[in-house]
Amino acid sequence: MKVALAIAGLVLICSLSVFAEIPVQSNFETDRFTGKWYGIGIASDADWIQAKKNKMKMYTTVMTPTAHGGLDVTLSIQKPDGCKVIHDIYKPTDQPGHFQYTSSRWGTMHEVHVVETNYDDYIILHLQKTKGTYMSAMVKLLGRTQYLDSETVEKFKQFCLQQGIKKENFALLPVAEECSAEI
């Protein structure tokens, strides 16, 4: 039992050190980051992505600044049975462009890194999810419009590969009807 706990602790420490090296946008500006974005691409090292990626569709994310330097984040996803809205508060860390939140739906802890953005067109986000000793990584590509140029999509794919995410775990999401729910 002690050996298993020691191994689990070592794996967690090693994983944390890998995730600690995620790049963050230099000179990050929260106020320029806010507004409406479309979820265009997603990739993950988690097992669920293989089963779900072909069913996923484009979604919208609205980010609003909070009084304490964080982000109020609302995801709206059109599902067959209606609009699904997910709401979370990203709390700032000491590093601009690095946020933390606990999922209101799953109770998982998330580290969010704004890897790259030009504020006007795209964002590449890296999310690390932790629950107990389970850890997974996700990379999202968001755009101000529903379409991004091939160069930006290629940046997203290359960053995913650098993070050890396999090509078969990437998904470029098809355009979907936007939710009619109030955001």
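Strands β7 and β8 form a hairpin with 2 residues between them, and glycine 132 in the turn has a positive phi of about 65 degrees. Strands here are DSSP runs (E, at least two residues) and helices are runs of H or I of at least four residues, numbered from the N terminus. The model is predicted: local features need pLDDT of at least 70, side-chain atom pairs count only at pLDDT 80 or more, and totals for chains, interfaces and linings use all residues. Residues are numbered from 1 along each chain as its sequence is written, and side-chain values use heavy atoms, with hydrogens and water left out.

**Strands**
- β7 and β8 (residues 134-143) pair in the antiparallel sense over 10 bridges, where pairing requires at least two DSSP bridges between two strands.
- Histidine 126 has valine 139 in β8 as its bridge partner.
- β6 and β7 pair in the antiparallel sense over 8 bridges, and valine 112 has leucine 127 in β7 as its bridge partner.
- β7 is largely enclosed by the rest of the structure, because 8 of its 10 residues are buried (under 20% relative accessible area, 1.4 Å probe, protein chains only; exposed is over 50%, partly exposed in between).

**Aromatic rings**
- Rings of Phe, Tyr and Trp (its six-membered ring) pair if their centres lie within 6.5 Å; planes under 30 degrees apart count as stacked, over 60 as edge-to-face and the rest as tilted.
- The count by this rule is 7 aromatic pairs.
- Phenylalanine 28 and phenylalanine 33 form an edge-to-face pair, 5.1 Å centre to centre with 70 degrees between the planes.
- Phenylalanine 28 and tyrosine 119 form a tilted pair, at 6.3 Å and 40 degrees.
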